[in-house]
Amino acid sequence: MKRSSTFWASLRSFWQACSRSVRVLLVCAPVILAAVIYSLARSGQSAPQAIQKRLYGEEIGRNGLRYKHGAHIYNPETGKILVDSISWLHISCGDTIAILAKNHRRAYINLNTAELLTPLEYDKAWEFACDRGVMSRHDSLFIFRRDGSMVNVPGLMARNQYEYLFYENRLALKIDYDHIGLLDTAGNWVLEPVYQKIETDYGHRLYNTRLGAECIVYGYDLKPVLRGAYKSIDVDWSDGLIATEHNGIQRLFDYEGKLLYKVIYKRIETLEYTHKDKNGDDITEETECYVYVDYNDKRGLMDKHYQVLTPPLFHDIEAQTKHVFFASFGEYSNRFGTLIDDHGKALR
């Protein structure tokens with residue numbers, strides 16, 4: 001009997017506990033449901049933001065746009081792809097204008113906005129220099145300002161040139177294989193395209209040119225520094241201008257065109273030959289001539305009194321006997337030559 005009462009007392013306690021739990025659940029259910037809904041709403045808002053702010057590729061420009069190599073440019077704040085199907089992007093150090101390649105065509109693009117500054121219709125392009133960019137289509141060259149507007153319409157004729165970069169607001173431009181001129185940033189010729197050569201010496205701010213039979217060195221102000229009917233003029237990196245006459249004589253001028261030395265050599269070498277003595281042993285002796293080497297590493301013959309006997313035409317001069325020398329042209333398998341005597345005269 002006592003066990004029965006204990007059982008029923010335990011059962012009543014269980015039901016009372018369950019009743020309290022149900023009442024608590026009914027009271028708290030709206031709060032719990034509201035919390036779940038709020039949590040779901042929060043998660044539904046934050047998930048897209050996490051995707052949008054996921055960064056990949058490199059940052060370009062100044063507005064946080066990013067470039068995935070060989071793919072696209074996108075805005076990480078919105079997740080929007082701004083330019084797609086990119087083959088490559090050439091970005092100059094510190095510049096916000098780049099070269100875009102897509103579908104085998106080129107254009108200039110603003111890296112801050114991903115806006116194409118020019119039509120995507122050019123074959124080749126070069127980076128901006130002196131606030132000018134250059135692109136080509138077929139054999140025509142087009143010059144652009146930084147806003148994408150074109151300087152020259154129609155295009156300039158261009159031939160056989162690897163690079164088109166402005167320097168000091170000038171561009172050396174070949175119009176064919178034999179003629180080159182100098183353009184300014186407005187597309188005007190400051191040196192007409194009638195020259196056979198225009199080489200820019202950046203260190204000394206000079207243009208080394210050839211016009212017909214005349215060599216002319218200009219300063220960047222386009223005033224002649226040195227000119228004459230020379231075979232060539234070389235701009236040495238440290239010591240001046242070396243002018244070579246057609247007879248092989250080389251003269252040294254300073255960078256302002258003042259003559260320093262009427263005749264210069266790179267070095268002078270003794271000329272030795274080998275013969276056998278009465279015992280059959282080899283003996284080496286000096287000849288009566290020297291070999292002089294010019295600025296361009298060509299060799300000529302001079303006598304013991306340093307009088308020039310031949311122009312510096314040869315790759316090498318070797319003594320066969322005391323009075324006969326083999327003067328060679330060319331190098332290695334292309335080597336050939338002639339025999340000359342100790343007066344510089346050709347021997348048959």
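The questions below ask how terms apply to this predicted model.

The model is predicted: local features need pLDDT of at least 70, side-chain atom pairs count only at pLDDT 80 or more, and totals for chains, interfaces and linings use all residues. Residues are numbered from 1 along each chain as its sequence is written, and side-chain values use heavy atoms, with hydrogens and water left out.

Me: Why is valine 308 called partly exposed?
Reply: Its relative accessible area is 34%. Buried means under 20%, exposed over 50%, and partly exposed in between (1.4 Å probe, protein chains only). The value 34% lies in between, so valine 308 is partly exposed.

Me: What makes the nonpolar surface patch?
Reply: Val263, Tyr265, Ile268, Tyr306 and Val308 make it, with about 420 Å². Nonpolar side chains (Val, Leu, Ile, Met, Phe, Trp, Tyr) are joined within 5 Å, like charges within 9 Å. Valine 308 has 34%, so it passes the area cut-off.

Me: Where is valine 308 found?
Reply: In the loop between β26 (299-303) and β27 (316-319). Strands (E, at least two residues) and helices (H or I, at least four) are DSSP runs, numbered from the N terminus. The protein has one helix and 29 strands.

Me: How do you know that β2 and β3 pair?
Reply: Three bridges join β2 (residues 65-68) to β3, and the strands run antiparallel. Lysine 68 has histidine 72 as its bridge partner in β3. The hairpin has three residues between the strands, and glycine 70 takes a positive phi near 65°.

Me: What makes β3 and β4 a pair?
Reply: Three bridges again, antiparallel, with β4 at residues 80-83. Isoleucine 73 has valine 83 as its bridge partner in β4. In this hairpin, four residues lie between the strands, and glycine 79 takes a positive phi near 75°.

Me: Which way do the residues of β3 point?
Reply: His72 and Tyr74 point one way from β3 (residues 72-75), Ile73 and Asn75 the other way. All are buried.

Me: Why are β9 and β12 called edge strands?
Reply: The open sheet has the order β9-β10-β11-β12, with antiparallel pairing. β9 (124-129) and β12 (156-157) each pair on one side only. Four bridges join β9 to β10 (residues 132-137).

Notes. Patches are made of residues with over 30% relative accessible area and no salt bridge: like charges are joined within 9 Å, nonpolar side chains (Val, Leu, Ile, Met, Phe, Trp, Tyr) within 5 Å. Accessible areas come from the Shrake-Rupley method with a 1.4 Å probe; for residues, only the protein chains shown count as cover. A salt bridge is a side-chain nitrogen of Lys or Arg within 4 Å of a carboxyl oxygen of Asp or Glu. Two strands pair if DSSP finds at least two bridges between them.
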